[in-house]
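Visitor: Please take me closely through one part of this model, the pairing of its aromatic rings.

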Amino acid sequence: MIKEEQAVRVVTLMLTWRCNLNCTYCFERFKRSDREMTFEMAKTLLTNEFNSFEQRDECKKGGYIKIDFFGGEPLLRFDLIKQITEWYETLNLPFRVLLSITSNGTLLDKNMQKWFVQHKENIRIVLSVDGTSEIQQTNRGKSSTLAPTDFVRDTWKDLHFKSTISRAALPTLSEDIIALLEQGHCISPNLAVGEDWQDGDEIIYKRELEKLAEWHLAHPDIEPMRIFMQHFISLLEPFCNRTPQKNCGTGSSMVAYDMDGVAYPCHLFVPITHGRYDAKDELSKIDFHNDEYFQDESCIDCKIRRICKTCYGFNYKDRGDVRKRDKRVCKMMLVEAQVIAVFQIHYLMALKKRRTLTEFELLALKGAILCYEQFHDFSFEIK
C-alpha cells in the first residue's frame, strides 16, 4: 500500500461541450455544439501555466503538472489533442508533464489507436467504463464493447478505468466490477455525485462492497481498487485536532479553463454544469486556499466528517454554496468507511506477515482500526 504521488498542479482544458453519449448520471446538463476550444487558446493557456509552474518550489523539487483534456467527449476534438500533444513534444521543459484524456472511449478508432501508441509515453487515456454491457447500456445507452478496453489496458499498463456507481447500477455492482477485474482491468469505482440516494440504498451498497472486498482478499496478487486504499489517518492524534482539509484541490492546486480561456476552480464549476455564465464573479470572491471556509457547520459533530468526501462543485451547483453538503449521501459514506476499514485491517495484517510495513502503512492500519472501533456494526467481520 503505497501513497500515490499526486500532481502538484492539475490543469483541465474544456476542449468541447459536445458529447456523443447522454449518460443518465451526467452532471453536464448544459451541453452546446458551438462551444469549442481553439489551438491558439490552448497554446496560450498552457504556455502561461508552464511558465508559472517553472517558478514554483514544488517544480524545483521534482513535482509534476497534469494536463487533463476534458469535455463533453474530448475525442470529438482528436484534431486538437494531436496539435497540443505534438506541440508539447517540441518543448524542452525542465519538469514533468502528464497529458491525460478522460473519455468514454467509444470513438477510439484504429487510426486514433495507432497515433496514441506512437505517443503513449506522453499522453494517456483514462476510460470511463461502468461494467458489463448490460449496465453500460443502462447508464450510457451504449455497450461497453464499443470502447476498446483491451487496447487501453495493454497500451497503458496498470492505468485505472473510471467506473461511476449509479443508483441503477447498485444492485449488481460487485458482479459488474468483478467481471472487469477478471478481464485484467484496473478499476476505480466511485459513487455518482448528485445521485438521488434513498434510504435502504446503503444496505445494498454495503453488501456489494463486502463482496468486492472479499474478492480482493481472495486474490492478494491483484492490486486492490483505489476505493479500498482510502486511508483514515486523519482520525488519529494529532491529525484529528486540525482543521479538516478540503478533500480535493479545487481552486487551489486545480484549475479548469473553458473555451474562452476563463478559469474556474475545477471542471465542476464550468457553466456546462450549472448554466451560469456570471458564476465566475461570485466564485472569485471565495478563498479556495482557506480550508476552514469549506466546513459545513451542520456536519461539525459528525464523527466521520474528516473522512467523508464531498464535491464542492456539486454543492455550489445544487445548493448554491460550496460548503453545503449533499445529505443524501451520508449513509453511503458511512457504510463505505465501515467496509474499507475492515478490508484494510485484513489486507495490511496479511501484508505485515510478508514484509515490514512502511510508516505510511502503519499509520493507515492504525486509522483503519480506529475507524472499525468507532463504527463496528459490520456483517463482514474481522476474524
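Guide: Rings of Phe, Tyr and Trp (for Trp, the six-membered ring) pair if their centres lie within 6.5 Å, and planes under 30 degrees apart count as stacked, over 60 as edge-to-face and the rest as tilted. The model is predicted, with local features needing pLDDT of at least 70 and side-chain atom pairs pLDDT 80 or more, while totals for chains, interfaces and linings use all residues. Numbering starts from 1 along each chain as its sequence is written, and side-chain values use heavy atoms, leaving out hydrogens and water.

The structure contains 18 aromatic pairs. In one of them, the ring centres of Phe50 and Trp87 are 6.3 Å apart and the planes stand at 20°, so this pair is stacked. Because Phe50 belongs to helix H1 (residues 39–54) and Trp87 to helix H3 (residues 78–88), the pair ties together parts 37 residues apart in sequence; helices here are DSSP runs (H or I, at least four residues) and strands likewise (E, at least two), numbered from the N terminus.

Phe228 and Phe343, by contrast, form a tilted pair, since their centres are 4.8 Å apart and their planes at 40°. This pair links distant parts of the chain, 115 residues apart, with Phe228 in the loop between helix H8 (201–218) and strand S7 (254–257) and Phe343 in helix H12; both residues are buried.

Elsewhere, ring pairs join Phe269, Phe288, Tyr293, Phe294, Tyr312 and Tyr316 into a cluster. Over the ring of Phe294 sits the charged end of Lys246, 5.1 Å from its centre, and over the ring of Tyr293 sits that of Arg323, 4.3 Å from its centre, where the criterion is NZ of Lys or CZ of Arg within 6 Å of the ring centre and within 35 degrees of the ring normal.

How values were computed. Buried means under 20% relative accessible area, exposed over 50%, partly exposed in between (1.4 Å probe, protein chains only).
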